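Here is a walk through one protein model, taken by way of its charged side chains and a few of its helices. Keep the structure open while reading.

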Amino acid sequence: MTMSERKIIELETGWEFMQKGITKLKNILEGIPEQQFNSEEYIMLYTTIYNMCTQKPPQDYSQQLYDRYRDSFEEYITSMVLPALREKHDEFMLRELVKRWGNHKIMVRWLSRFFNYLDRYFIARRSLPALNEVGLMCFRDLVYQEIKNNVRDAVITLIDREREGEQIDRALLKNVLGIFVEIGMGNMDAYENDFESAMLDDTASYYSRKAASWILEDSCPDYMLKAEECLKREKERVSHYLHSSSEQKLLEKVQNELLSQYESQLLEKEHSGCHALLRDDKVDDLSRMYRLFCRIPKGLEPVAQIFKQHVTGEGTSLVKHAEDAASNKKAEKKDVVGAQEQAFVRKVIELHDKYLQYVNECFMNHSLFHKALKEAFEVFCNKGVAGSTSAELLATFCDNILKKGGSEKLSDEDIEDTLEKVVKLLAYISDKDLFAEFYRKKLARRLLFDKSANDDHERSILTKLKQQCGGQFTSKMEGMVTDLTLARENQTNFEEYLNDNPLAHPGIDLTVTVLTTGFWPSYKSFDLNLPAEMVKCVEVFKEFYQTKTKHRKLTWIYSLGTCNIIGKFDPKPMELIVTTYQASALLLFNASERLSYSEIKSQLNLTDEDIVRLLHSLACAKYKILNKEPNTKTVIPLPPVDEKKKVIEDVDKDRRYAIDASIVRIMKSRKVLSHQQLVMECVEQLGRMFKPDFKAIKKRIEDLITREYLERDKDNPNMFRYLA
């Protein structure tokens, strides 16, 4: 049947038929007994619309049907939905709303199927809202706009009741809030503006009231427990019925009211605040404090500040105790200062272990707390104890661990572990160069006098120091350790040489340790008049050494040598282990029974100072090998040797060279620089090894100007130029 032959359906006739279908749908929704739509009815309804839309104008009723589609919804909402909602309140209204919204969506689904042909052509061509959209807009404009405030208030009341511990119907709330989201038809404006903002304001005022009373009643740990519990509950609330986009905003509100507003009050509570938690080692509470305050912008800064103050206080009291103990020992004239200092370093290591564990575990390795720990340790690690700098104390501590017969009896693993910790502490000390010099002096003594307990540990700490402070820091020390290994090989070669040349054998067992000048501390070398037996030894070794190398000069440091000699005493002969100087002096008595001071001095060719110390050690010490007349305690009073002063002077000299080199390096690359900038760059460059004094830098600049490395700008005396 063609279009012209098809029977024309007039608007009212067609609509009357459609109305029957719509009424049946409404009855089904209202629960009035009706048969479900069968496929024949559905096809008839669909075909009626199709026919009415495909008739030639003026019988094309597309526009009228589109309008009546909307009217059907409006009429149903006005007559049935709104009256049902208006007569209910609170939770009952919410249940009715959920039911009505569900029905409305079913109605939209069915009607849009009946009127589907409109969607496909008429609506598409005219860019009108789709049928589905029209259906939802009717509900939004007529139902939602009228009751949204009541719904919002009812939902917020239920949420507050749940916060107070009541059981509520969470599924109901989830469905109601789903309506706010769906009504937005693709965006969240309705949910955010009509519900979320009011809910967030209510949350803020709810927790503001709670916090105001908790802060007065509860201790800091109790308050934090409550705050953590509240945050957990609010997070659950989101997963149960709020939209996921609310989570961050909701938690921020709660955090602001419970934590940001009261942070300083909470942290500074007298008997339970952050100081008290650190003092009493409340690890769980400190972890909770970190978890809570890490969520707040700048929330951790006050915690880190208190942590720093606490650690500084603990460390400073360690220094004070060590000072007091040292002065008490001095007053009692007991020489136990070494043990005191050893114990002090051990306590500092324990303190560092304890608070580093706090940083790693309670404060989750956060950089703020690493910085606080570093700054705290820098404060008290750079204070001296009993006239010794921290650099010296650390070097002595290492020496005690690494030398044979040291006071620390540790397993290999413990030694490694302790050395690791000492190197960590070194990071906090500003005078690293001073540590290096003290350490080098003690290392030299361990190596030369065979006092080192274990070569592996010696190399291990050098590796650790190298990683921490750079290759330049350890190059000399590494050279020293290598020298000793080479010296042992050298000695083996020397012994082989003597076996091959029996005529060259000096008749005395001789061990020579050849060192490289640049690596070792500087030692005095004197032209000691050696006994004939020893002169022969020196000559033999020189001959052997020249077979290996022609270009190296040997300088003999007799002050470091030792000798084993036999003393024929009345009761019985005894073997004495003495220094080379002592041996030389004692061998003089093979030719004479008695010798005067001046005779010994001229025969040995030593200075007064060395002779006095030498004779004192032989005639006035615990074991007297020589008898002295008159039999007094001293030869000639001498000031004690101040090795510490010597080390500090050497370091000061090295620092002058380092500052000079740094200034020249900077000026060479910059060519022109102001005084202030030059000083700042110099401090930055040298800061890894020591903190240069501004006055010292100024002095070095003046010296370099005199030596014509730099010149002052003629117009501006605060500017310097580099002279190539």
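Predicted model: local features only at pLDDT ≥ 70, side-chain atom pairs only at ≥ 80, totals over all residues.

Glutamate 91 is partly exposed, because its relative accessibility is 24%. Arginine 95, at 39%, also counts as partly exposed.

Helix 28 (residues 694-706) holds another pair. Aspartate 703 and arginine 700 lie three residues apart there, about one turn of the helix. Their side chains meet in a salt bridge at 3.0 Å, N to O. Aspartate 703 is partly exposed at 24% relative accessibility. Arginine 700 is buried, because its value of 13% falls under the 20% cut-off. Elsewhere, shared partners link salt bridges into one network of Asp160, Glu162, Arg163, Arg170, Asp202, Glu234 and Arg237. The count for the model comes to 60 salt bridges.

Now turn to helix 18. Aspartate 417 and lysine 421 are both in it, four residues apart. They form a salt bridge, with 3.0 Å between the closest N and O atoms. Aspartate 417 is partly exposed, at 37%. Helix 18 (residues 412-426) also gives the largest share, three residues, of a negative patch. That surface patch is formed by Asp412, Glu413, Asp414 and Asp456. Glutamate 413 is exposed, at 67% relative accessibility.

Among the buried residues are Glu392, Phe397 and Asp399.

How values were computed
Residues numbered from 1 in each chain as written. Heavy atoms only, no water. Patch = residues over 30% accessible without salt bridge, like charges linked within 9 Å, V, L, I, M, F, W, Y side chains within 5 Å. Areas by Shrake-Rupley, 256 points an atom, 1.4 Å probe, with all protein chains shown as cover. Salt bridge = Lys/Arg side-chain N within 4 Å of Asp/Glu carboxyl O. Lys, Arg positive; Asp, Glu negative; His and termini not counted. Charge placed at Lys NZ, Arg CZ, Asp CG, Glu CD. Helix = DSSP H or I, 4+ residues; strand = E, 2+ residues; numbered from the N terminus. Buried < 20%, exposed > 50% of the residue type's maximum accessible area, 1.4 Å probe, protein only.
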